[in-house]
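Could you walk me through this protein model?

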Amino acid sequence: MVQTCGCFGDAIPLTPWQSFGKDVVLLLLILVIFKNQDVVKPVFRRKVGERLFIVSVVISVSFGFYTYSFLPVVDFLPYKVGVNIPNEMKTPPGAMPDEFELTYKLKNKKTGEDKTMTDKEYLKTEIWKDANWEIVGNPESRLVKKGFTPKIIDLAIQDAQRNNYNNELLSSPFYSLVIVAYDLKKTNAAALNRLNALAANLTQNFNTRTILLTAAAPADAVAFAKKHQLVNEVFYADAVPLKSMVRANPGVMLLKNGTIVNKWHFHNVPDYDDLVKDYFGKQ
């Protein structure tokens, strides 16, 4: 079942019906303008309007290019700077989960009669005691009441043997450098080599735990790490949360006690001296 329309991503989550209402309102406003187009006068003169149009296009394209080349100016995703990942995975005590309703389709083997009823009706009428009635197909599930949903629900960091390392990696009181490369086949190899040199220096001088987190198959990741002589430990997670962590391939996250201290696109990762000055020299 589709829960959000996806129009504005995580910035302004709308249900499909809310999005439909928004479109109706905009359509009505457009109709008003269309009906009165003869009396609508431009705010600026033609030359000024053309210049403003060009400026707006340049700004829009530049902003999009900047966001693509670095990271979003405002991060609406669950893995933004300052977030404690373990806390975002928890459900508070007493929080109500989503409430669903099941609908069954039943058929009477004796009479051929068909019925449709909810799970509550199914139990209340005790129709299940009558051997003549049988459930046809799979029950349909419908969300009745939205409950509490943690912001992070799909993160499972594993090793090649599928052992879960969430607790170990997200509870360290020391800085950990996490290089996120969800797709090693498409990752920027030159950037990854630079990050590998940075990781080697941090490991040698500060005993920093450096991790390569990828969605690649273990055999492919091991071959890639051997080819590029990576010093990082390699762990695995689904591509969906990895893309939400850092919109770069590769990208870098600096973690401490499971909190995202900072993160960078591979284009603007600080050099070793700056990292030491701002973080590792102060721990």
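R46 is exposed, with a relative accessible area of 70%; here exposed means over 50%, buried means under 20%, and partly exposed is in between, judged with a 1.4 Å probe and protein chains only. Its partner in a salt bridge is E50, and the closest N and O atoms of the two are 3.2 Å apart. A salt bridge is counted when a side-chain nitrogen of Lys or Arg is within 4 Å of a carboxyl oxygen of Asp or Glu. E50 is partly exposed, at 41% relative accessibility. Both R46 and E50 belong to helix 2 (residues 46–69), where they sit 4 residues apart, about one turn of the helix. Helices (H or I, at least four residues) and strands (E, at least two) are DSSP runs, numbered from the N terminus.

Before going further, a word on the model itself. It is predicted, so local features need pLDDT of at least 70 and side-chain atom pairs count only at pLDDT 80 or more, while totals for chains, interfaces and linings use all residues. Residues are numbered from 1 along each chain as its sequence is written, and side-chain values use heavy atoms, with hydrogens and water left out.

Back to the charged pairs. Side chains of opposite charge can pair when their charged atoms come close. How many salt bridges does the structure hold? There are 9. One of them links K107 and D114, with closest N and O atoms 3.4 Å apart; K107 is partly exposed at 33% relative accessible area, and D114 is exposed at 54%. Salt bridges with shared partners also join E168, R209 and E233 into one network.

K263 forms a salt bridge with D75, their closest N and O atoms being 2.7 Å apart. Because K263 lies in strand 9 and D75 in the loop between helix 2 and helix 3 (85–88), this pair ties together parts that are 188 residues apart in sequence. Both K263 and D75 are buried.

Strand 8 and strand 9 (residues 259–265) pair in the antiparallel sense over 6 bridges; two strands count as paired if DSSP finds at least two bridges between them. These two strands form a hairpin with 2 residues between them, and N257 in the turn has a positive phi of about 55°. Strand 8 pairs with strand 5 as well, again in the antiparallel sense, over 5 bridges. Within that pairing, I179 has V252 of strand 8 as its bridge partner. Is strand 8 mostly covered or mostly open? It is mostly covered, with 5 of its 6 residues buried.

From here we can turn to the nonpolar interior. In soluble globular proteins, nonpolar side chains tend to be buried together. A nonpolar core is a set of buried Ala, Val, Leu, Ile, Met, Phe, Trp, Tyr and Cys residues joined through side-chain atoms within 4.5 Å. The largest such core has 24 residues, of which L254, W264, L275, Y279 and F280 touch the most other members. Strand 5 (176–180), helix 6 (189–206), helix 7 (218–227) and strand 8 (251–256) each give two or more residues to this core, and helix 6 provides the largest share, 5 residues. Leaving aside residues up to four places away in sequence, Y279 touches Y175, L254, V261, N262 and W264, a contact being heavy atoms within 4.5 Å. A second, separate core has 23 residues, including I85, L170, F235 and M253.

W17, F20, V24, L27, L28 and L31 make a nonpolar surface patch of about 660 Å². V24 is found in helix 1 (residues 16–35) and is partly exposed, with a relative accessible area of 34%.

Finally, look at the backbone. Most residues other than glycine have a negative phi, and most peptide bonds are trans. A cis peptide bond joins N249 and P250, with omega about 15°, and P250 is in the loop between helix 8 (239–245) and strand 8. N207 has a positive phi near 50°; this residue lies in the loop between helix 6 and strand 6 (209–214).

Notes:
Patch = residues over 30% accessible without salt bridge, like charges linked within 9 Å, V, L, I, M, F, W, Y side chains within 5 Å. Areas by Shrake-Rupley, 256 points an atom, 1.4 Å probe, with all protein chains shown as cover.
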